[in-house]
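Dear colleague,

Please find below the structure for your review. My notes on helix packing follow it.

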Amino acid sequence: MVDCVLNFTGERDKDLRILRSYKNRFGTTDEIGAFRMTAEGMMEVPDLSGSLIESQGAMEQGSVISACYEGSRPVFFEIQALVAKANAGFAKRTSLGIDHNRLSMIIAVLERQAGMPLLNYDVYVNVVGGMKPDSPATDLAVALAIYSSVRERTSPSRLVAVGEVGLTGNLRTIPNADKIVAEAERLGYDKVLLPKGNADKASPNSKVKICGAATLREAIRLFTEE
């Protein structure tokens, strides 16, 4: 019998550690803590999003910024994708930080609903910084990162993409989108790409440009627009 179960996770070659609660009789298990090992010991990381995104100004092929709501705060991170011609046999689907089954689903939706042939291509997806988001809000960023790598195109704006991708290619609303928009504004992003249901409810006074998409095809078009 235990009251609380805590677990530190992180990459061996990085000093960032994420503290998660898997059991807590006296509080929520949705909250996370971020710490960094220093000469003075384990120190809290107050700006987790800033530490996970090293080059916020760079817009590189196969790279898209996404976010999810962890406990009481939005966390921003970079999702990278690399698509390469398969040499022989079955194409590989490799993911770090993203559920493998979810990646396979997103690839299938891109092939069927967005007309992107990926059958003979290896697809590699990585969440930079060692984060392992379990929210479907990262679906849209994963799909756009794969598109960016395949078509060799990037967004002309500093963009954040969040949204759940359905099997029919539609974008489903996500919770706490307003808080993610507010954090994107604080971090200085130019545009936030959201499902249309979330964009319609967004504050008109936001300084960041909010773009709503009903389908994955529409999101891809908005991704490459000014």
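Helix α2 passes α3 in a right-handed crossing (right-handed if the near helix is turned clockwise from the far one by less than a right angle, left-handed if anticlockwise). This is a predicted model, in which local features need pLDDT of at least 70, side-chain atom pairs count only at pLDDT 80 or more, and totals for chains, interfaces and linings use all residues. Residues are numbered from 1 along each chain as its sequence is written, and side-chain values use heavy atoms, with hydrogens and water left out.

Helices are DSSP runs of H or I, at least four residues, numbered from the N terminus. The axes of α2 (residues 100-113) and α3 (residues 139-151) are 10 Å apart, at an angle of about 60 degrees (axes are lines fitted to C-alpha atoms over the stretch in contact; angles run from 0 to 180 degrees between N-to-C directions). That makes α2 oblique to α3 (under 35 degrees is roughly parallel, over 145 roughly antiparallel, 65 to 115 roughly perpendicular, the rest oblique). From α2, R102, L103, M105, I106, I107 and L110 meet D139, V142, A143 and I146 of α3, contact being heavy atoms within 4.5 Å.

Helix α3 also packs on α6 (residues 216-223), their axes coming within 11 Å and crossing at roughly 60 degrees. α3 is therefore oblique to α6. Here L140, A143, L144, Y147 and S148 of α3 touch L216, A219, I220 and F223 of α6. The crossing of α3 past α6 is right-handed.

Yours sincerely

How values were computed:
Helix = DSSP H or I, 4+ residues; strand = E, 2+ residues; numbered from the N terminus.
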